[in-house]
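Please read the following explanation with the sequence and the coordinates open. It goes from the surface to the ring contacts and then to the helices.

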Amino acid sequence: MKSLKKHVFDLLWACGGLLWLYLAVKDVIYTITADSRTGWPLEFALAVNGAIWLGILAAMILLYRVIRKSIWK
């Protein structure tokens, strides 16, 4: 049963990672295409988006480690 929980958790987390990747790429593409409407320099907008998405990724990695340790016990 414990092994099944591990596999299901890893599968769901992988789906979450793919969702993160899809949303990050979609946001970057939108930022590039909407550059003329916002008035912000493209480099600044991409840097802000990159920082936000990397922060979300870091939080996902930390949560994965914490949750995985609690499931593995």
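In this predicted model, Leu18, Leu21, Val25 and Ile29 make a nonpolar surface patch of about 380 Å². One of these residues, Leu21, lies in helix 1. Leu21 counts as partly exposed because its relative accessibility is 43%, a value in the range between the 20% limit for buried and the 50% limit for exposed. An α-helix has 3.6 residues a turn, so residues three or four places apart point the same way.

Helix 1 covers residues 2–33 and also holds Ala14. With a relative accessible area of 42%, Ala14 is partly exposed. A sense of scale comes from the pair Ala14 and Tyr30: they are 16 residues apart in sequence, and their C-alpha atoms are 24 Å apart in space.

How many aromatic pairs does a search of the whole structure find? The search finds 4. Phe9 and Tyr64 form a stacked pair, with 5.4 Å from centre to centre and 10 degrees between the planes. This pair links distant parts of the chain, since Phe9 is in helix 1 and Tyr64 is in helix 3, 55 residues apart. Phe9 counts as buried because its relative accessibility is 10%, and the limit for buried is under 20%.

Trp13 and Tyr64 form another aromatic pair, which is tilted: the centres are 5.7 Å apart and the planes are at 50 degrees. Trp13 lies in helix 1 and Tyr64 in helix 3, so this pair ties together parts that are 51 residues apart in sequence. Trp13 is partly exposed, at a relative accessible area of 23%. Taken together, ring pairs link Phe9, Trp13 and Tyr64 into a cluster.

Which residues of helix 3 are buried? They are Ala45, Asn49, Trp53, Met60, Tyr64 and Ile71; Tyr64 is also a member of the ring cluster.

Asn49 in helix 3 deserves a separate look. Asn49 counts as buried because its relative accessible area is 12%. Leaving aside neighbours within four places in sequence, Asn49 is in contact with Asp27 and Thr31. Helix 1, at residues 2–33, includes both of these positions.

Conventions:
Residues are numbered from 1 along each chain as its sequence is written. This is a predicted model: local features need pLDDT of at least 70, side-chain atom pairs count only at pLDDT 80 or more; totals for chains, interfaces and linings use all residues. Side-chain values use heavy atoms; hydrogens and water are left out. Helices (H or I, at least four residues) and strands (E, at least two) are DSSP runs, numbered from the N terminus. Buried means under 20% relative accessible area, exposed over 50%, partly exposed in between (1.4 Å probe, protein chains only). Contact means heavy atoms within 4.5 Å. Patches are made of residues with over 30% relative accessible area and no salt bridge: like charges are joined within 9 Å, nonpolar side chains (Val, Leu, Ile, Met, Phe, Trp, Tyr) within 5 Å. Accessible areas come from the Shrake-Rupley method with a 1.4 Å probe; for residues, only the protein chains shown count as cover. A salt bridge is a side-chain nitrogen of Lys or Arg within 4 Å of a carboxyl oxygen of Asp or Glu. Rings of Phe, Tyr and Trp (its six-membered ring) pair if their centres lie within 6.5 Å; planes under 30 degrees apart count as stacked, over 60 as edge-to-face and the rest as tilted.
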